[in-house]
Amino acid sequence: STIPKLVILEKHIQAWAGYEHGELVRWGIISTGAQSSRTPSGRFNVNWKQEYRVSTLSPGYGSTDPDAELWEMHWVMNLHEARGIHM
């Protein structure tokens with residue numbers, strides 16, 4: 001209850017929960033990293049957040065091709081280097 005905001009990701013059941021002062025305020029399903037890009041375990045702090053962002057890992061990122069595939073993300077939170085979550 002002393003932590004203002006906390007997000008817990010449970011990889012085994014593929015779910016997340018958001019808490020404010022110890023009370024559950026939101027939850028939902030998640031899809032964590034693929035075999036080639038595993039989601040790390042541990043405790044992380046949010047480095048930055050944005051309401052909207054195009055992933056720098058998307059195939060068309062930086063391309064001038066109007067048909068290039070871009071991965072659009074909403075409510076992005078960066079946790080560790082190029083890793084983060086979005087909802």
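Contact here means heavy atoms within 4.5 Å, and the legends below describe views of a predicted model.

View 1. From the N terminus on, the elements run β-β-β-β-β-β, with six strands and zero helices in the chain. Taken along the principal axes, the C-alpha atoms fill a box of roughly 50 × 25 × 20 Å. Of the contacts between residues at least 6 apart in sequence, 25% join residues at least 24 apart.

**View 2. Confidence along the strands.** The average pLDDT of the chain is 88, and 100% of the residues score at least 70. Among the elements, strand S3 (residues 23-29) has the highest mean pLDDT, at 96, whereas strand S6 (residues 83-86) has the lowest, at 78.

View 3. Met-77 has its place in strand S5, and it counts as buried because its relative accessibility of 17% falls under the 20% cut-off. When neighbours within four places in sequence are left aside, the residues in contact with Met-77 are Val-46, Trp-48, Lys-49, Gly-84, Ile-85 and Met-87. Met-77 and Asn-47 are separated by 30 residues in sequence, and their C-alpha atoms lie 7.4 Å apart in space.

**View 4. Asn-78 and its polar contact with Asn-47.** Asn-78 is found in strand S5, which spans residues 72-80, and with a relative accessible area of 7% this residue is buried. The side chain of Asn-78 makes a polar contact, at 2.8 Å, with the side chain of Asn-47. Apart from neighbours within four places in sequence, Asn-78 is in contact with Asn-45, Val-46, Asn-47, Trp-48, Arg-83 and Gly-84.

View 5. Val-7, Leu-9, Trp-75 and Met-87 make a nonpolar surface patch of about 360 Å². Val-7, one of these residues, lies in strand S1, which covers residues 5-10. Val-7 counts as partly exposed because its relative accessibility is 38%, a value between the limits of 20% for buried and 50% for exposed.

Terms used:
Residues numbered from 1 in each chain as written. Predicted model: local features only at pLDDT ≥ 70, side-chain atom pairs only at ≥ 80, totals over all residues. Heavy atoms only, no water. Patch = residues over 30% accessible without salt bridge, like charges linked within 9 Å, V, L, I, M, F, W, Y side chains within 5 Å. Areas by Shrake-Rupley, 256 points an atom, 1.4 Å probe, with all protein chains shown as cover. Salt bridge = Lys/Arg side-chain N within 4 Å of Asp/Glu carboxyl O. Helix = DSSP H or I, 4+ residues; strand = E, 2+ residues; numbered from the N terminus. Buried < 20%, exposed > 50% of the residue type's maximum accessible area, 1.4 Å probe, protein only. Polar contact = N/O pair within 3.5 Å; in protein donor to acceptor, adjacent residues only side chain to side chain. pLDDT = per-residue confidence, 0-100.
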